[in-house]
Amino acid sequence: MWIVWKTLLLSFVMLGILPGLTKRLLNNAIVIIPTYNEKENITMIIETVFSLPKDFDILVVDDNSPDGTAAVVRDLQQSYNTDAATRLHVLQRPGKQGLGTAYIQGFKFALEAGYDYVLQMDADFSHNPKDLIQLYLTCAEWGSDLSIGSRYATGVNVVNWPMGRVLLSFFASKYVQIVTGIPVHDTTAGFVCYRSKVLKTIRLDQVKFVGYAFQIEMKFLTWKYGFKLSEVPIIFTERTRGQSKMSVGIFKEAFLGVIQMTVQSWFKKYIPS
Ligand SMILES: Nc1nc2c(ncn2[C@@H]2O[C@H](COP(=O)(O)OP(=O)(O)OP(=O)(O)O)[C@@H](O)[C@H]2O)c(=O)[nH]1
Ligand SMILES: [Mg+2]
């Protein structure tokens, strides 16, 4: 009998099935990177994530960037993807549809693929890829359901932002904390790790905001459904390459949106999907 098992195992290895399975099992976490005109950053950010001591897969969600970001990612796919394992995924959308909807589509992809941990990161190196490990461990080893890379957990850890923007972001986060009651300092943070159970529980189609307020709404829903949120202090650095997509409209959506979201929550029951 043992000889039969041995032969079967050997043929699995030779056919490349076992290496494929092993790889799949090792990469239990995926980093979603939304992009719009990030050609100057995307290669280096992908290479940096893949060089980390923990194996993360990557999903780039590109909104048909006019600078050809998606084509760069497709080229890189040839170096990183093998028959045994696809580590670099790309979702191409027809046009700029906002950060929130990019993430929702990315979350659905990650859940269907069966990842246990889903991380979010900007493409512009404002978030240090090395911090992905700490965010991951906070969920995978220390029992958090959503870990948040926080600029404001220990003072203000922002590098190279003009003072006006630091103050705006800091007080916006405080304002949201006071209005909504979300128990974290950095309520607008976009550098996070979810345990996939959270994304399965929240009805993703109920998420309304498309811009920055999306980050707030996701934290609000995670908290309302009774999950555990933790903050990991990080240093946020202003981008040095490429252009910002921040706009006044994004702030407007958030300012009134959080009041509306909070009031509506008083009449809502948060029943897991
Ligand atoms: N797919 C997609 N990605 C977007 C969209 N808007 C922004 N992004 C990406 O989301 C991430 C964060 O956007 P940023 O422009 O860096 O916004 P920010 O970090 O607030 O502003 P700066 O760092 O000052 O540029 C980056 O990776 C962008 O390329 C969008 O509409 N669709
Ligand atoms: Mg940025």
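Which residues have the most contacts inside the largest nonpolar core? The close-ups below start there, and everything shown comes from a predicted model.

**View 1. The largest nonpolar core and the residues with the most contacts in it.** This core has 58 residues, and the ones with the most contacts inside it are I30, V31, I32, I58, V118, L119 and V192. Helix α9 (residues 213-224) gives the core its largest share, 6 residues. As a bit of background, nonpolar side chains in soluble globular proteins tend to be buried together.

**View 2. V31 and its contacts.** Leave out the neighbours within four places in sequence, and V31 is in contact with V49, F56, I58, L119, M121 and L132. Two of these, I58 and L119, also turn up in the list of residues with the most contacts inside the core, as does V31 itself.

**View 3. An open sheet of 7 strands.** Walk across the sheet and the order is β3-β2-β1-β4-β7-β5-β8, with mixed pairing. The edges belong to β3 (88-92) and β8 (229-233); each has a single partner strand, so one side of each has no neighbour in the sheet. On average, neighbouring strands are turned by 20 degrees against each other, direction ignored. Helix α5 (residues 99-113) packs on this sheet and touches β1, β2 (57-62), β3 and β4. The direction of α5 makes about 155 degrees with that of β1.

**View 4. Strand pairs, bridge by bridge.** In general, strands of a sheet pair through backbone hydrogen bonds, either parallel or antiparallel. Here β1 and β4 run parallel and are joined by 4 bridges; look for I32, whose bridge partner in β4 is Q120. Move on to β4 and β7, and the pairing is antiparallel, over 4 bridges. In that pair, V118 has Y194 of β7 as its bridge partner. Strand β5 (residues 146-150) pairs with β7 (residues 192-195) in the antiparallel sense too, over 3 bridges, and I148 stands opposite V192 in β7.

**View 5. Helix α7 and its two sides.** Helix α7 (residues 163-180) has 18 residues and reaches 26 Å from its first C-alpha to its last, close to the 26 Å expected at 1.5 Å a residue. Its buried residues are S169, S173, V176, Q177 and T180. Seen down the axis of α7, these fall within an arc of 100 degrees, so they line one face of the helix. Over on the other side, M163, G164, L167, F171 and I178 are exposed.

View 6. Buried, exposed or in between: how does N37 count? It has 19 C-beta neighbours inside 10 Å, while a buried residue needs 20 or more, so N37 counts as partly exposed.

Notes:
Residues are numbered from 1 along each chain as its sequence is written. Chains are lettered from A and ligands numbered from 1 in the order in which they are written. This is a predicted model: local features need pLDDT of at least 70, side-chain atom pairs count only at pLDDT 80 or more; totals for chains, interfaces and linings use all residues. The expected span of a helix is 1.5 Å times one less than its number of residues. A residue is buried if 20 or more other C-beta atoms lie within 10 Å of its own, exposed if 12 or fewer, and partly exposed in between; C-beta atoms are placed from the backbone. The arc is that of the directions from the helix axis to the C-beta atoms. A nonpolar core is a set of buried Ala, Val, Leu, Ile, Met, Phe, Trp, Tyr and Cys residues joined through C-beta atoms within 7 Å. Two residues are in contact if their C-beta atoms, placed from the backbone, lie within 7 Å. Two strands pair if DSSP finds at least two bridges between them. Axes are lines fitted to C-alpha atoms, for helices over the stretch in contact, and angles run from 0 to 180 degrees between N-to-C directions.
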